Amino acid sequence: MGNSEAKARPYFLDGLGATQFGGIDTAAGSIGGETKFSTTWALGVKLYPSQSVGIRLEGRWTPTYIKSDAEGYWCDPYWGCYTVAEAEYSNQFELSGGITLRF
């Protein structure tokens, strides 16, 4: 996809997976970890200043749903009243770069 001879090649990445929150071991005992469903989203660019050597730059965001807390009630004349919740997420950010070699 795109021109293979281009000096700059932007890309987008999305993925599904799991985030492992590790447990803690102490002298008093241990607290178990949890695994939660997560997604990941990234934007990046590969820059080729020469024919065979390039630079890769990427920014990635991985939000992981933790829990929802009841925040109040919402009442609608047609549907009635129901609880409204606010979701809490663990947000992980990553910036990375590297050297790319073309053969």
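**Figure 1. The hairpin of strands 4 and 5.** In this predicted model, strand 4 and strand 5 form a hairpin with five residues between them. Strands here are DSSP runs of E at least two residues long, numbered from the N terminus. Strand 4 covers residues 34-47 and runs antiparallel to strand 5, to which eight bridges join it; two strands count as paired if DSSP finds at least two bridges between them. Residues are numbered from 1 along each chain as its sequence is written. Local features require pLDDT of at least 70 and side-chain atom pairs pLDDT 80 or more, whereas totals for chains, interfaces and linings use all residues, and side-chain values rest on heavy atoms, with hydrogens and water left out.

**Figure 2. The hairpin of strands 5 and 6.** Strand 5 also forms a hairpin with strand 6, with three residues between the two strands. Among the facing pairs, Lys67 stands opposite Glu88 of strand 6, and Asp69 stands opposite Glu86 of strand 6. In a regular strand the side chains alternate between the two faces of the sheet.

**Figure 3. The disulfide of Cys75 and Cys81.** The sulfur atoms of Cys75 and Cys81 lie 2.0 Å apart and form a disulfide, a term applied to a pair of cysteine sulfur atoms within 2.5 Å. By this rule the count comes to one disulfide. The link of Cys75 and Cys81 is right-handed, with 110° about the S-S bond. Cys75 is partly exposed, at a relative accessible area of 47%, while Cys81 is exposed, at 53%. For these classes, buried means under 20% relative accessible area, exposed means over 50%, and partly exposed lies in between, with a 1.4 Å probe and protein chains only.

**Figure 4. The pairing of strands 1 and 4, and the sheet as a whole.** Strand 1 and strand 4 pair in the antiparallel sense over 14 bridges. One of the facing pairs is Ala18 opposite Phe37 of strand 4. The open sheet has four strands in the order 1-4-5-6, with antiparallel pairing. Its edge strands are strand 1 (8-21) and strand 6 (80-101), each of which pairs on one side only. From one strand to the next, the twist averages 20°; axes are lines fitted to C-alpha atoms, and angles run from 0 to 180 degrees between N-to-C directions.

**Figure 5. Overall dimensions and surface of the chain.** The chain contains six strands and zero helices, a helix being a DSSP run of H or I with at least four residues. The C-alpha atoms fill a box of roughly 60 × 55 × 15 Å along the principal axes. The chain has a radius of gyration of 22 Å, whereas a compact globule of 103 residues would have one near 13 Å; the radius is taken over C-alpha atoms, and the globule rule is 2.2 Å times the number of residues to the power 0.38. Of the 103 residues, 14% count as buried. The accessible surface comes to about 8,100 Å², of which 60% belongs to carbon and sulfur atoms, by the Shrake-Rupley method with a 1.4 Å probe. Among contacts with a separation of 6 or more, 52% come from residues 24 or more positions apart, where contact means heavy atoms within 4.5 Å.
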